[in-house]
Amino acid sequence: MKDLPSKPIESKNYPVVEMDSLSMKWADNSVLNKVSLKMKPGERIAIIGPSGCGKSTVLRLLAGLLLPSSGDLKLFGLMQNYLRLDQTFPPDVRLVFQNPALIGSLTVEENVGFLLRKNSSITDKRAREIVISCLEEVGLYNIADKFPGQLSGGMQKRVSFARALINDPNKESDSMPLLLFDEPTAGLDPVACTRIEDLIVKTTTLAMGCSIVVSHVMSTIERSAERVVMLYGGEFQWDGSIDDFKNTQNPFIKQFRTGSLEGPMQPKEI
């Protein structure tokens, strides 16, 4: 039995993410096949690929919701041998779901400040001030006492971004969070997409963190990421800068950009 994880060493000297020959299988279905990836502090990465290729699985592994079938995963220099709920000091990873995942019976303030309410050293007044500040950072005013059902879908999504700005009071003040965004602009109109894309960059900057975005939307990829990684067939097929992504003739990226049926990626069902 391995020792329980110690407190993460969240230092700029360590890669934020280190995947080494990481695999993930569901029964006989291989979702990830010995993939390796390093992410430097402050980076903004987009993971792209066709539907069902395993992008969300990558996010769930990073969020500590799943453990790999084999291979190594380090976050902030610490090996991840346990699920997040089983760790005494889990790494500062914040997952923003495609669905805002708000609790309908709680007010906006209670949803955003859920982490603060668990800390007895923070007064209710101070917790509310922090929540109001985070809501204002994402352009929401005078909604703290409303319930999620009273908000539009776009506003609910922005509330989930405000929640991602809340720092764990038990973390060091200079710790660097890893923000994960799962299809943040899926189903949104172009104007709403632009607002959310700007929020991805702003939220990452305000949190003094780094981010990984999973998306099929070209504007989201180009506006929110500095580096792009293509996942297909259980492997990372391409990895490069956003400028290279726009210009490369790599067959996987070219097919993704154009949406052509001609190329190495073939849908299982049409």
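Trainee: How much area is buried between domain 1 and domain 2, and what share do carbon and sulfur atoms give?
Mentor: Keep in mind that this is a predicted model, where local features need pLDDT of at least 70, side-chain atom pairs count only at pLDDT 80 or more, and totals for chains, interfaces and linings use all residues. Residues are numbered from 1 along each chain as its sequence is written, and side-chain values use heavy atoms, with hydrogens and water left out. Buried area is the accessible area (1.4 Å probe) that two parts lose on being put together, summed over both. Here that comes to about 930 Å², and the share from carbon and sulfur atoms is 70%.

Trainee: Which three residues supply 39% of the area that domain 1 buries against domain 2?
Mentor: Domain 1 covers 14-92 + 177-251 and domain 2 covers 102-170, with bounds from an automatic or database domain assignment. No other three residues on the domain 1 side supply more than this trio: Leu199, Thr203 and Leu206.

Trainee: Which residue forms a salt bridge with Lys202?
Mentor: A salt bridge here is a side-chain nitrogen of Lys or Arg within 4 Å of a carboxyl oxygen of Asp or Glu. Across the interface of the two domains, the rule finds 1. For Lys202, the closest N and O atoms are 3.7 Å apart, and the partner is Glu137.

Trainee: Which element gives the largest share of the side of domain 1 that touches domain 2?
Mentor: Helices (H or I, at least four residues) and strands (E, at least two) are DSSP runs, numbered from the N terminus. Strand E7 (178-182) and helix H6 (190-206) each give two or more residues to that side. The largest share, 7 residues, comes from H6.

Trainee: How many residues apart in sequence are the parts that Arg227 and Glu43 tie together?
Mentor: These two form a salt bridge, with the closest N and O atoms 3.0 Å apart. Arg227 is in strand E9 (residues 227-232) and Glu43 is in the loop between strand E2 (29-39) and E3, so the pair links parts whose separation in sequence is 184 residues.

Trainee: Which element has the lowest mean pLDDT?
Mentor: pLDDT is the predictor's confidence in each residue, from 0 to 100. The chain's mean is 89, with 91% of its residues at 70 or more. Among the elements, strand E3 (residues 44-48) has the highest mean, 98, and the lowest, 84, belongs to helix H3 (residues 114-117).
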